[in-house]
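Please read the following report alongside the sequence and the structure shown here. It takes up a pair of packed helices and then a strand with its partners.

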Amino acid sequence: MEQRLANTWKMTVNEKKFIETALVADIRVDGRRPFDYRRLTIKFGRDDGSSEVQLGQTHVMGFVTSELVQPYRDRQNEGTLSIFTEFSPMADPSFEAGRAGESAVELARIIDRGLRESRAVDMESLCVIAGKLVWAIRVDLHILDNGGNLVDAANIAALAALSTFRRPEFTLGGEGGQEVIIHPPEEYSEVLDKVREPLPLVIHHFPIAVTFGFFGDDNIVVIDPTHKEESVMGGRMIATLNTNGDICAIQKAGRVAIMHTVIMQCLRIASVKAGDITSKIKNAVESYNTERALRKIKRHSSAALDVHKPVADWETQNQSVDQKRMSDLPGHQERLKLISKESGVSQSNNMEGVLTPNKLPEESTDEKPSETESDQLNADIMPAHSPDGAVGTVVETNRKNTLADAVKPKHKRKKKSSSNIDAS
């Protein structure tokens, strides 16, 4: 294999001998037993049909998309399922960007054979119009980090992404019912009186791929080989089984001869491991569906649901709001009366220190105040109109008004004018 040959140049002779000697004593470099898996973590994105799987140091992401296409001639009423892999140089220096190598093609074929040939996904449920339109499901697998055993990690990522994927709902309309109308997610249907939810795929079973590595002529077998163990092993076997023990696919690579008794032992171990991995996938999918339902409840708030409320309910709500406003009017009127009374008292207090022309002394001069002083008096004191139409102002009799009087503080001018008038 291209990947294994590239890794051979990185391994030294001492490292290879150390790994082989440890395996003879049933000890592995990372401390596991021969038939133990590394830690498996399954995560999902916020969008349907996206998954992230981490198996030890191996990191794979899966994305599922769909589109309407014409069916194959030999399968007029079945949809299609295709697997695509992308190897990034970030995952392994031996991977080349922009070109699918031998390992990428082999990985896609192994996963495709396990999913499509075993009829794990119901293809007939993907038919829209027989012979014209069907759903084409595409699974894209992105290798982010190559820590060994890419087949098992990529297979789990594909199954997890397919389990959470939901295709949009559609209806047939037009003349003869040949026009396909695709409804966007969460569209409200007045006919059905509910929100249209995307439809999940029909998955009959979960074909799980289990990889075995063989070392030396003694048929030393380990499960889930690491990146370094893959560079030392002489051959491998990938068995794809489901929880019922059905063998979906088997693929063997390498020149090491394997006895039939060893193969049967590997199949029994693979059946047990397939059940454990299937339960982990189902638990992760169930947790995702629960979280998705909670997000849906938060998104469909009470305000959004009241959009389709009858008109009579809106009229009743508006009437209740109007009644509440009318009940608050007496309180507003009482506050306005108190404000008007307070303003009247303040105006009467201000007018006590202002003299009208009827109360002015006869010795008052005919000099008029300056324009600046009159403007300040008009702004500070609201003039009160007398019955004969004259406006009361303050007049000084002892001296002439100067510019210095205009800039004096207000309280000083009032004291001075009142003292001058009393002295006269």
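## Basis of the description

In what follows, helix axes are lines fitted to C-alpha atoms over the stretch in contact, and angles between them run from 0 to 180 degrees between N-to-C directions. The model is a predicted one.

## Packing of H3 and H4

Helix H3, which spans residues 102-116, packs with helix H4, residues 150-164, at an angle of about 50 degrees, and the two axes lie 10 Å apart. The two helices are therefore oblique to each other, and H3 passes H4 in a right-handed crossing.

On the H3 side the contact is made by Leu107, Ile110, Ile111 and Leu115, while H4 contributes Leu150, Val151, Ala154, Asn155, Ala158, Leu159 and Leu162. By residue class, this contact of H3 with H4 divides into ten nonpolar residues, one polar residue and no charged residue.

Strand S13 covers residues 208-215, and eight of its eight residues are buried, so the strand is largely enclosed by the rest of the structure. In a regular strand the side chains alternate between the two faces of the sheet. Both faces of S13 are covered, with Ile208, Val210, Phe212 and Phe214 buried on one side and Ala209, Thr211, Gly213 and Phe215 buried on the other.

## Strand partners of S13

S13 pairs with strand S15, residues 235-241, in the antiparallel sense over seven bridges, and Phe214 stands opposite Gly235 in S15. Four bridges join S13 to strand S14, residues 220-223, and these two strands also run antiparallel; here Phe214 stands opposite Val221.

S13 and S14 form a hairpin with four residues between them, and Gly216 in the turn has a positive phi of about 65 degrees.

Methods. Residues numbered from 1 in each chain as written. Predicted model: local features only at pLDDT ≥ 70, side-chain atom pairs only at ≥ 80, totals over all residues. Heavy atoms only, no water. Parallel < 35°, antiparallel > 145°, perpendicular 65-115°, else oblique. Left-handed = near helix turned anticlockwise from the far one by under 90°. Contact = heavy atoms within 4.5 Å. Nonpolar A, V, L, I, M, F, W, Y, C, P; charged D, E, K, R; others polar. Buried < 20%, exposed > 50% of the residue type's maximum accessible area, 1.4 Å probe, protein only. Pairing = 2+ DSSP bridges.
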